[in-house]
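Here is a friendly walk through one protein model, written to be read with the structure open beside you. Keep the viewer handy and look up the residues as they come along.

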Amino acid sequence: MTVQRGKKLSISIQEHMAIDVCPGPIRPIRQISAYFPRLSPTSPNPSSSPVALSPPTVAAPVGGANLLSPLRTQWGRAALGTLEFELRYDMSCSELHCTVLRAKGLKPMDFNGLADPYVKLLVLHVPACPSMSLHVPPCPCMSLHLKTKTIRNTLNPFWNETLTYSGITEEDMHRKTLRLTVCDEDKLTHNELIGESRVPLKRVKPHQSKHFHTCLEHPPPLPSPTAMGEALRGISCYLREWEKEQLHSLEERGRLLLSLQFLPSADGGEGRLSGALCVGVRRCAHLAAMDVNGFSDPYVKIYLKPDMQKKSKHKTAVMKKTLNPEFNQEFSYDVSLSELAKKTLEVTVWDHDLGRSNDFIGGVFLSCSSQGDALRHWMDCLKNKGQRVERWHILTNELPRSSSHD
């Protein structure tokens with residue numbers, strides 16, 4: 001059909017319907033991110049052949065398993081972004097300083113293609129069995145979470161913010177792990193997890209700053225008994241029972257800085273060394289929140305038992321709305337060294353409430369029959385007469401039977 005110059009081409013509706021406008025099946029449109037993947041710094045360089053320009057194909061799984069995208073299987077770690085931070089442990093004051101520097105290439109979480117990221121820190125317990133380290137629950141005390149400020153509308157946030165954990169002992173540095181979680185803050189819905197990074201604290205040497213630049217990873221999934229064999233199913237059941245036991249037995253409720261000093265005096269006769277025990281309640285750190293406002297009104301009670309006359313009770317002042325109170329109060333007991341070796345120092349932390357009974361936060365017991373840091377602190381006080389010995393103690397939820405709520 002010829003068309004003269006200057007005239008419009010007109011096609012009838014019959015001719016238009018006869019044209020095959022969509023031959024063959026409709027194929028999905030490939031995303032441009034499949035042609036330009038974000039590579040990990042540790043991954044090998046892709047091939048420079050023309051075949052590498054096409055997105056990688058994934059073979060269909062056997063048995064109807066879920067399909068995994070090529071970006072997640074090969075470059076999933078780098079797709080979440082990287083995190084840069086520094087750690088420093090000050091042994092003299094038992095403090096762990098974490099300086100969160102920056103993050104790069106974070107995964108977009110909002111509709112505008114950006115995110116509102118912040119970093120959350122948590123110290124995790126590491127069990128004796130290394131195979132359980134990925135499934136150990138964090139401490140249920142929410143006050144142990146430290147959080148940076150939120151940077152709005154960016155995938156490359158810069159914080160340069162230092163967060164400090166107080167009361168971190170040398171034993172904690174050898175058996176605990178620091179988890180850094182990058183989250184996206186949402187005002188209308190719940191916050192979303194972008195990725196996390198875990199660092200064993202034993203990699204940090206005292207009084208030396210160590211720089212880390214890590215790729216964010218997905219949280220390790222808990223094992224499913226239906227997808228494992230008989231042996232792994234038994235391990236999974238054991239882990240769940242172990243987690244329940246840990247959550248309901250000795251739960252960490254914070255830290256307490258305590259000082260002990262035995263001051264000897266003149267000979268009390270019959271070879272006994274008389275004197276006085278000075279107990280200094282310095283401060284607490286990362287206490288459990290017992291009130292609705294997310295804080296507590298803590299105070300400390302101490303007893304020297306056995307106390308037949310019930311005159312050994314001492315109590316500090318109440319600090320309002322804080323999880324890190326500073327008391328700096330000292331109390332004295334007149335006791336000989338031989339009698340002190342047979343006694344037990346009971347220190348408990350309470351939350352003061354008006355109109356109802358006070359809430360127990362945590363406690364620690366020091367005697368010759370104690371274990372760990374409590375035993376070492378008590379023996380150092382008995383051996384080093386006249387010297388003040390300070391040590392951080394972990395407060396547990398073990399409530400003494402003789403303690404009251406007054």
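The sections below cover a sheet, the aromatic pairs, charges over rings and the salt bridges.

## Before you start

This is a predicted model, in which local features need pLDDT of at least 70, side-chain atom pairs count only at pLDDT 80 or more, and totals for chains, interfaces and linings use all residues. Residues are numbered from 1 along each chain as its sequence is written, and side-chain values use heavy atoms, with hydrogens and water left out.

## A four-stranded sheet

Let's begin with an open sheet of four strands, in the order E5-E2-E1-E8 and with antiparallel pairing. Strands E5 (158-166) and E8 (210-215) stand at the edges with a single partner strand each, so one side of each has no neighbour in the sheet. On average, neighbouring strands here are turned by 20° against each other, direction ignored. Helices (H or I, at least four residues) and strands (E, at least two) are DSSP runs numbered from the N terminus, and two strands pair if DSSP finds at least two bridges between them. The angles are taken between lines fitted to C-alpha atoms, for helices over the stretch in contact, and run from 0 to 180 degrees between N-to-C directions.

Strand E2 (residues 95-104) is joined to E5 by seven bridges, and the two run antiparallel. Arg-102 stands opposite Phe-158 in E5. Thr-82, in strand E1, is buried at 14% relative accessibility (buried is under 20% relative accessible area, exposed over 50%, partly exposed in between, with a 1.4 Å probe and protein chains only). Not counting residues up to four places away in sequence, Thr-82 touches Arg-102, Ala-103, Lys-104, His-213, Thr-214, Cys-215 and Leu-216, where contact means heavy atoms within 4.5 Å.

## Aromatic pairs

How many aromatic pairs are there? The count comes to two, with rings of Phe, Tyr and Trp (its six-membered ring) pairing if their centres lie within 6.5 Å; planes under 30 degrees apart count as stacked, over 60 as edge-to-face and the rest as tilted. Phe-85 and Phe-212 are stacked, because their ring centres are 5.2 Å apart and their planes at 15°. This pair links strand E1 (residues 82-90) with strand E8, across 127 residues. Phe-85 is buried at 0% relative accessibility, and Phe-212 is buried at 3%.

The rings of Trp-350 and Phe-360 have centres 5.2 Å apart and planes at 70°, so this pair is edge-to-face. Trp-350 lies in strand E14 (residues 344-351) and Phe-360 in strand E15 (residues 359-366).

## Charges over rings

The charged end of Lys-147 sits over the ring of Tyr-118, 4.5 Å from its centre. Lys-305 lies over the face of Tyr-303, at 4.9 Å from the ring centre. Such a charge has NZ of Lys or CZ of Arg within 6 Å of the ring centre and within 35 degrees of the ring normal.

## Salt bridges

The whole structure holds 18 salt bridges, each a side-chain nitrogen of Lys or Arg within 4 Å of a carboxyl oxygen of Asp or Glu. Arg-255 and Asp-172 meet in one of 2.8 Å, N to O. Since Arg-255 is in strand E9 (residues 252-267) and Asp-172 in helix H3 (residues 170-175), the pair ties together parts 83 residues apart in sequence. Arg-255 is buried at 3%, and Asp-172 is buried at 1%.

Arg-376 and Asp-373 form a salt bridge of 2.6 Å, N to O. Both lie in helix H6 (residues 372-383), three residues apart, about one turn of the helix. Salt bridges that share partners join a network whose members include Asp-172, Arg-255, Asp-373 and Arg-376.
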